[in-house]
Amino acid sequence: MQRAVSMSLSVSRRLLAAARTPSRTLHSAAAARRPARDPDTPARGSPAPAARDECSPYRLHGRIPSAYDRKVLLWVGRFKKDQDIPEMVSIEMLHAARNKIRVQICYLMIAVSVGACVVMVVSGKKAFRQRDNLTKWNLEKKAKLKEQYMLEHGTVADKTQ
């Protein structure tokens, strides 16, 4: 029993010592068996970087902008005139322009919402000062409808008598 405890302590001491040493020395035997890897070559499992000069058949380099895309590029200020826009525009440029327009539209909607809130507060305070409220409007409308009903049906009652 005592021997098993001392063996487990020695194993744990070795593991702690190994954890304190730098990782290069931990796997030195495995590193010695592997050939040295060139830092410019990609790691296993990762795609090879495409050379900038070569055209990859799987990568979209751009697209022909539609009329809407042209308007968006002009609105964002990427180009000054419609004639300045090239035939092929990168997809990243189009996405960036659309995102910028989206943000501008959101800012516009926020401003319109705040403006509408201010208008509602001002009109509510004005109605409060004039003693106008929905209950008063509803009672006046019902009184008017009742009066119209009595005029229409009151004349009918006079004809029957």
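The model is predicted, so its local features need pLDDT of at least 70 and side-chain atom pairs count only at pLDDT 80 or more, while totals for chains, interfaces and linings use all residues. Residues are numbered from 1 along each chain as its sequence is written, and side-chain values use heavy atoms, with hydrogens and water left out.

**Stop 1: the whole chain**

The chain has 6 helices and 0 strands, and along the sequence the pattern reads α-α-α-α-α-α. Helices (H or I, at least four residues) and strands (E, at least two) are DSSP runs, numbered from the N terminus.

Of the 161 residues, 8% count as buried. Buried means under 20% relative accessible area, exposed over 50%, and partly exposed in between, with a 1.4 Å probe and protein chains only. The accessible surface of the chain comes to about 15000 Å², and 61% of that belongs to carbon and sulfur atoms. Accessible areas come from the Shrake-Rupley method with a 1.4 Å probe; for residues, only the protein chains shown count as cover.

A contact means heavy atoms within 4.5 Å. Among the contacts in the chain with a separation of 6 or more, 48% are between residues 24 or more positions apart.

**Stop 2: helix 4**

Select residues 67-76, which are helix 4. Which residues of helix 4 are buried? They are Asp69, Val72, Leu73 and Val76. Seen down the axis of helix 4, these buried residues fall within an arc of 100°, so they line one face of the helix. The arc is that of the directions from the helix axis to the C-beta atoms. The buried residues of helix 4 pack against helix 5. Turn to the other side of helix 4 to find Ala67 and Trp75, which are exposed.

**Stop 3: the nonpolar core**

Select Val72, Leu73, Val76, Phe79, Ile85, Val89, Met93, Leu94, Ala97 and Ile101, and show their side chains. These 10 residues make up the largest nonpolar core. A nonpolar core is a set of buried Ala, Val, Leu, Ile, Met, Phe, Trp, Tyr and Cys residues joined through side-chain atoms within 4.5 Å. Helix 4 (67-76) and helix 5 (91-129) are the elements that give two or more residues to this core. The largest share, 4 residues, comes from helix 5. In soluble globular proteins, nonpolar side chains tend to be buried together.

Center the view on leucine 73. Leaving out residues up to four places away in sequence, leucine 73 touches Arg78, Phe79, Ile85, Val89, Met93, Leu94 and Ala97.

**Stop 4**

Select aspartate 69, in helix 4. Is aspartate 69 buried or exposed? Aspartate 69 is buried, with a relative accessible area of 1%. Not counting residues up to four places away in sequence, aspartate 69 touches Arg63, Leu94 and Arg98.

Aspartate 69 and arginine 63 meet in a salt bridge, at 3.0 Å from N to O. A salt bridge is a side-chain nitrogen of Lys or Arg within 4 Å of a carboxyl oxygen of Asp or Glu. Arginine 63 is partly exposed, with a relative accessible area of 34%.

Aspartate 69 also meets arginine 98 in a salt bridge, here at 2.6 Å from N to O. Because aspartate 69 lies in helix 4 and arginine 98 in helix 5, the pair ties together parts that are 29 residues apart in sequence. Arginine 98 is partly exposed, at 24% relative accessibility.

**Stop 5: aspartate 82 and arginine 70**

Select aspartate 82 and arginine 70. They form a salt bridge, with the closest N and O atoms 3.2 Å apart. Aspartate 82 lies in the loop between helix 4 and helix 5 and arginine 70 in helix 4, so this pair ties together parts that are 12 residues apart in sequence. Both residues are partly exposed: aspartate 82 has a relative accessible area of 37%, and arginine 70 has 22%. Salt bridges that share partners join Arg63, Asp69 and Arg98 into one network. The count of salt bridges comes to 3.

**Stop 6: a surface patch**

Select Val103, Tyr107, Ile110, Val114, Val118 and Val122. These residues form a nonpolar patch on the surface, with about 580 Å² of accessible area together. Patches are made of residues with over 30% relative accessible area and no salt bridge; like charges are joined within 9 Å, and nonpolar side chains (Val, Leu, Ile, Met, Phe, Trp, Tyr) within 5 Å. Valine 103 has its place in helix 5 and is partly exposed, with a relative accessible area of 41%.
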